[in-house]
Amino acid sequence: MAVTAKIKCFSCDSTFDYYFFLRKDEEIKCPHCCTQMDEQSAKKVIHAIGEFADTNADLLKYATGLKEPLFQFDLTVNYLGNKKLARMHGFKCSDDSE
Ligand SMILES: [Zn+2]
């Protein structure tokens, strides 16, 4: 199952898509400002996206094979954090002229 996760980067206050089905690596980096998520957190996020995808796939499988009622779920995140905190630890692209 293809899942696109929306990831909010507070270093540059932008949101980017993370295409779960395309990625084999365990790196999450903001394409706008090049800020990279630490390796441990990236692993957790990718694992969570995988669990999300697997659960929806299982719900579909149960509905198809076992004639259970079909449910699919989505998530909406109310982001916590703030820009000032993110900028304290953010990294900039080397070619960023800001
Ligand atoms: Zn960014």
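The following legends accompany close-up views of a predicted model. Residues are numbered from 1 along each chain as its sequence is written. Because the model is predicted, local features need pLDDT of at least 70 and side-chain atom pairs count only at pLDDT 80 or more, whereas totals for chains, interfaces and linings use all residues.

**View 1. Secondary structure of the protein chain.** The protein chain has 2 helices and 2 strands, where helices (H or I, at least four residues) and strands (E, at least two) are DSSP runs numbered from the N terminus. Read from the N terminus, the elements follow the order β-β-α-α. Of the 98 residues in the protein chain, 7% are buried; a residue is buried if 20 or more other C-beta atoms lie within 10 Å of its own, exposed if 12 or fewer, and partly exposed in between, with C-beta atoms placed from the backbone. Two residues are in contact if their C-beta atoms, placed from the backbone, lie within 7 Å. Among contacts between residues at least 6 apart in sequence, 38% join residues at least 24 apart.

**View 2. Span of helix H1.** Helix H1 covers residues 39–65.

View 3. Ile-49 is found in H1 and counts as buried because it has 20 C-beta neighbours inside 10 Å. Not counting residues up to four places away in sequence, Ile-49 touches Val-3, Ala-5 and Phe-20. Val-3 lies 46 residues from Ile-49 along the chain, yet their C-alpha atoms are separated by 7.5 Å.

View 4. Cys-34 is placed in the loop between strand S2 (14–19) and H1. Although Cys-34 is not a glycine, its phi is positive, at about 70°. Cys-34 is partly exposed because 17 other C-beta atoms are within 10 Å.

View 5. Lys-67 counts as exposed because it has 8 C-beta neighbours inside 10 Å.
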